[in-house]
Amino acid sequence: MACPLCLEAMHPSDIQKLLQNHPSIMSKYEDFMVRRVLLADPDSRWCPAPDCGFAVIATGCASCPRIKCERPGCDVNFCYHCKAEWHPDQTCDAARASRHSPTRAPSGSISQDSQHRDDIKPCPRCQVLIVKMDDGSCNHMVCAVCGSEFCWLCMKLITDLHYLSPSGCTFWGKKPWSRKKKLLWQLGTLVGAPVGIALVAGIAVPAMIIGLFTYFI
């Protein structure tokens with residue numbers, strides 16, 4: 001956390017002094033600090049139970065993705081890959097499509113109407129709820145908790161080339177391209193790339209010939 005005046009990083013002991021009269025805020029700060037450390041481990045998973053928020057370090061569970069929460073009194077089973085409740089007879093995509101429960105945050109809070117709103121979505125990595133104005137602004141999001149970069153439209157972790165791929169997602173806008181636009185984009189890429197290369201070659205080759213001719217003369 002940076003100082004709001006000089007932007008220097010604040011030591012946790014300084015924050016503790018500032019919040020000594022606000023124990024609830026200090027407790028929340030410590031929770032977020034622990035969560036940030038755990039997120040550095042790619043195998044950390046949070047129990048999806050609404051009243052839990054317990055983290056499990058699930059090393060080596062990718063091949064056997066069923067995880068059991070070890071918090072006393074919880075014992076919820078959930079999936080290593082999609083981080084939701086265990087779905088023994090479904091793939092992660094099928095379970096996600098058939099799930100109708102409200103979106104859950106790892107801290108245990110539930111957004112009652114988040115499934116009906118487009119301005120509140122969970123981070124695809126740490127599941128922290130993120131609010132974005134539904135105004136068609138930039139869709140390249142960075143989670144403030146875990147630092148992951150993802151697309152607001154498809155809610156997938158992305159790289160800088162995501163919006164240049166035929167995924168249909170746009171850097172700006174409220175919804176992805178339609179199937180027709182994606183097909184046109186792919187056709188344009190297939191046709192335009194050879195044409196562009198031919199134009200560049202048509203300009204570069206004569207220029208090189210003229211340059212060599214001038215150099216040797």
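Helix H2 buries Met26, Tyr29, Arg35 and Leu39. The model is a predicted one. Cover for these buried residues comes from elements that include helix H1 (12-18) and strand E1 (44-46). H2 has 17 residues. From first C-alpha to last, H2 reaches 24 Å, close to the 24 Å expected at 1.5 Å a residue.

Met33 also belongs to helix H2, which runs over residues 23-39. Is Met33 buried or partly exposed? Met33 is partly exposed, because its relative accessibility is 36% and the buried class needs a value under 20%. Its C-alpha lies 9.1 Å from the C-alpha of Val145. Along the chain, Met33 and Val145 are 112 residues apart.

Setting aside neighbours within four places in sequence, Leu39 is in contact with Ser44, Trp46, Arg125, Cys126, Val145 and Cys146. Leu39 is also a member of the largest nonpolar core, which has twelve residues in all. Trp46, Cys126, Val145 and Cys146 are among the other members.

Now step back to the whole fold. The protein has four helices and eight strands. Along the sequence they follow the pattern α-α-β-β-β-β-α-β-β-β-β-α. Of the 217 residues, 28% are buried. The accessible surface comes to about 14,700 Å². Carbon and sulfur atoms hold 63% of that surface. How much of the contact set comes from residues 24 or more positions apart? Among contacts with a separation of 6 or more, such residues account for 27%.

Next come the rings. The structure holds two aromatic pairs. In one, the ring centres of Tyr163 and Phe171 are 5.4 Å apart. Their planes stand at 85°, so this pair is edge-to-face. In the other, Phe171 pairs with Trp172, with ring centres 5.5 Å apart. Here the planes stand at 70°, so this pair is edge-to-face. The cut-off for that class is an angle over 60 degrees. Together the pairs link Tyr163, Phe171 and Trp172 into a cluster.

Tyr163 is buried, because its relative accessible area is 15%. Phe171 has a relative accessible area of 35%, so it is partly exposed. Trp172 is exposed, because its value is 55%. A charge also meets a ring elsewhere in the model. The charged end of Arg45 sits over the ring of Tyr80. That charged end is 4.1 Å from the ring centre.

The backbone deserves a look too. Most residues other than glycine have a negative phi. Asp75 has a positive phi, near 60°, and is not a glycine. Where is Asp75 found? Asp75 is in the loop between strand E3 (66-68) and strand E4 (77-79). Asp75 counts as partly exposed, because its relative accessibility is 44%. Lys83 also has a positive phi, of about 65°, and it is not a glycine. Lys83 sits in the loop between E4 and helix H3 (92-98). Is Lys83 buried or exposed? Lys83 counts as buried, because its relative accessibility is 16%.

The last stop is Pro176. Pro176 lies in the loop between strand E8 (149-151) and helix H4 (179-216). With a relative accessible area of 40%, Pro176 is partly exposed. Which residues does Pro176 touch, not counting those up to four places away in sequence? Pro176 touches Leu153, Gly168 and Cys169. The C-alpha atoms of Pro176 and Cys154 are separated by 8.0 Å. Along the chain, Pro176 and Cys154 are 22 residues apart.

How values were computed: Residues numbered from 1 in each chain as written. Predicted model: local features only at pLDDT ≥ 70, side-chain atom pairs only at ≥ 80, totals over all residues. Heavy atoms only, no water. Helix = DSSP H or I, 4+ residues; strand = E, 2+ residues; numbered from the N terminus. Buried < 20%, exposed > 50% of the residue type's maximum accessible area, 1.4 Å probe, protein only. Contact = heavy atoms within 4.5 Å. Areas by Shrake-Rupley, 256 points an atom, 1.4 Å probe, with all protein chains shown as cover. Core = buried A, V, L, I, M, F, W, Y, C linked by side-chain atoms within 4.5 Å. Phe/Tyr/Trp six-rings, centres within 6.5 Å; stacked < 30°, edge-to-face > 60°. Lys NZ or Arg CZ within 6 Å of the ring centre and 35° of its normal. Expected span 1.5 Å × (residues − 1).
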